[in-house]
Amino acid sequence: MRAAIVVSDPLDWTAQALLASFSAKGIDSFFLNFSDLSAAITSGQTFRCAGVNLLELDAIVVRDLGRKGPGDVAFRFEVLQALQERGIAIINPPHAIARAANKFATSRALQDAGVATPRTVVTNSLTDAEKALQDFKKAVSKPLFGYKGRDIILLEEGAEADLVRLKSVLEGQGLVYLQEFIPLDNPRDIRAFVVDGRVQGAIYRVAPPGQWISNLARGGRAASCPMNRELEEKAAGAANAVGAVYCGVDLLETEQGLMVIEVNGTPSGKGIFEALGVDVTAAIADHVHQNHYLRGR
Ligand SMILES: Nc1ncnc2c1ncn2[C@@H]1O[C@H](COP(=O)(O)OP(=O)(O)O)[C@@H](O)[C@H]1O
Ligand SMILES: [Mg+2]
């Protein structure tokens with residue numbers, strides 16, 4: 001069996017761990033950088049990357065799709081879609097990566113699946129945005145395709161400066177994603193890593209003193225988080241809602257129980273490995289291996 005790991009940085013911890021876990025399972029695997037992709041449509045269709053005929057692969061695990069421009073992202077997704085249609089296992093499936101990357105799509109998928117998530121308004125209209133802010137009193141504005149806690153701002157109803165910030169987000173991005181702010185005494189979130197519907201491990205990410213954004217990339221500190229049934233059900237429910245085989249699910253502890261705020265469809269396994277010693281790539285390799293035999297390829 002042959003599998004490719006799509007990654008742009010060959011030194012990436014997760015990509016390296018995937019390679020080792022695949023090798024331990026006897027899966028022949030190698031890295032592919034999707035910046036070398038070519039498709040040809042003639043009497044049939046071919047898809048190649050750095051000299052490799054992608055149609056000859058059994059599986060592709062996407063760690064990082066990379067991109068050179070907005071059109072290029074669509075091209076890379078379409079190639080994954082084409083390969084999936086031709087029976088190659090794409091992990092995560094392209095529609096899952098797309099849904100998880102888009103916070104509006106994720107919020108919708110979570111709500112549709114009955115997974116608790118904070119109230120959210122996404123709008124092009126300043127009037128509707130102001131109304132949402134009034135309803136929520138405090139709201140978090142997030143870029144639709146944001147990551148690593150970047151460009152997230154806390155807005156408060158009635159604060160003149162925050163109204164200016166809200167307008168500037170709307171003008172700059174053409175829309176605003178506003179979510180009710182969940183106040184916490186000691187701001188932290190939970191990152192649960194799900195593979196194949198099972199939580200492999202979970203960590204708290206504790207925000208630095210005086211701050212409320214807890215991403216590790218923003219100085220958050222990882223600590224072991226005990227597992228319980230609610231966490232397992234909601235994290236697995238979130239993974240299923242977006243259709244991810246493996247993902248990182250971010251949850252907040254609220255007075256109404258755990259709420260899922262986002263799903264990361266191309267997560268790093270490094271944080272959970274360093275905090276808990278759990279290597280999630282072993283479970284991903286298990287999935288690829290089992291799936292291969294189930295499909296009888
Ligand atoms: N609704 C919210 N209420 C309180 N804190 C939040 C809320 N949404 C996000 N945060 C904080 O901001 C961080 C980043 O938010 P998240 O939605 O996970 O975006 P990103 O994709 O940038 O990680 C979270 O880990 C959490 O600490
Ligand atoms: Mg997050």
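Begin by selecting Asp72 and Arg76 in this predicted model: the two form a salt bridge whose closest N and O atoms are 2.6 Å apart. Both lie in helix α2 (residues 70-85), and because they are four residues apart there, about one helical turn separates them. Asp72 is buried, as is Arg76.

Next, select Arg119 and Glu180, where the closest N and O atoms of a salt bridge are 3.4 Å apart. Arg119 belongs to the loop between α4 (103-112) and β8 (120-123) and Glu180 to strand β11 (residues 176-180), so this pair ties together parts 61 residues apart in sequence. Arg119 is partly exposed, at 46% relative accessible area, whereas Glu180 is buried at 18%.

Proceed to Asp250 and Arg205, whose side chains meet in a salt bridge of 3.1 Å, N to O. The former is in strand β15 (residues 246-254) and the latter in strand β13 (residues 198-206), so parts 45 residues apart in sequence are tied together. Asp250 is buried with a relative accessible area of 2%, and Arg205 is buried with 5%.

Now display α1 and helix α9 (residues 281-295), whose axes come within 8 Å and cross at roughly 50°. That angle makes α1 oblique to α9, and the crossing is right-handed. On α1, select Thr14, Ala17, Leu18, Ser21 and Phe22; on α9, the contact is made by Thr281, Ala282, Ile284, Ala285 and Val288. By class, this contact has seven nonpolar, three polar and no charged residues.

Finish at Val7, in the loop between β1 (2-6) and α1 (13-24). Val7 counts as buried because its relative accessibility is 4%.

Methods
Residues numbered from 1 in each chain as written. Chains lettered and ligands numbered in written order. Predicted model: local features only at pLDDT ≥ 70, side-chain atom pairs only at ≥ 80, totals over all residues. Heavy atoms only, no water. Helix = DSSP H or I, 4+ residues; strand = E, 2+ residues; numbered from the N terminus. Buried < 20%, exposed > 50% of the residue type's maximum accessible area, 1.4 Å probe, protein only. Axes fitted to C-alpha atoms, helices over the stretch in contact; angles between N-to-C directions. Parallel < 35°, antiparallel > 145°, perpendicular 65-115°, else oblique. Left-handed = near helix turned anticlockwise from the far one by under 90°. Contact = heavy atoms within 4.5 Å. Nonpolar A, V, L, I, M, F, W, Y, C, P; charged D, E, K, R; others polar. Salt bridge = Lys/Arg side-chain N within 4 Å of Asp/Glu carboxyl O.
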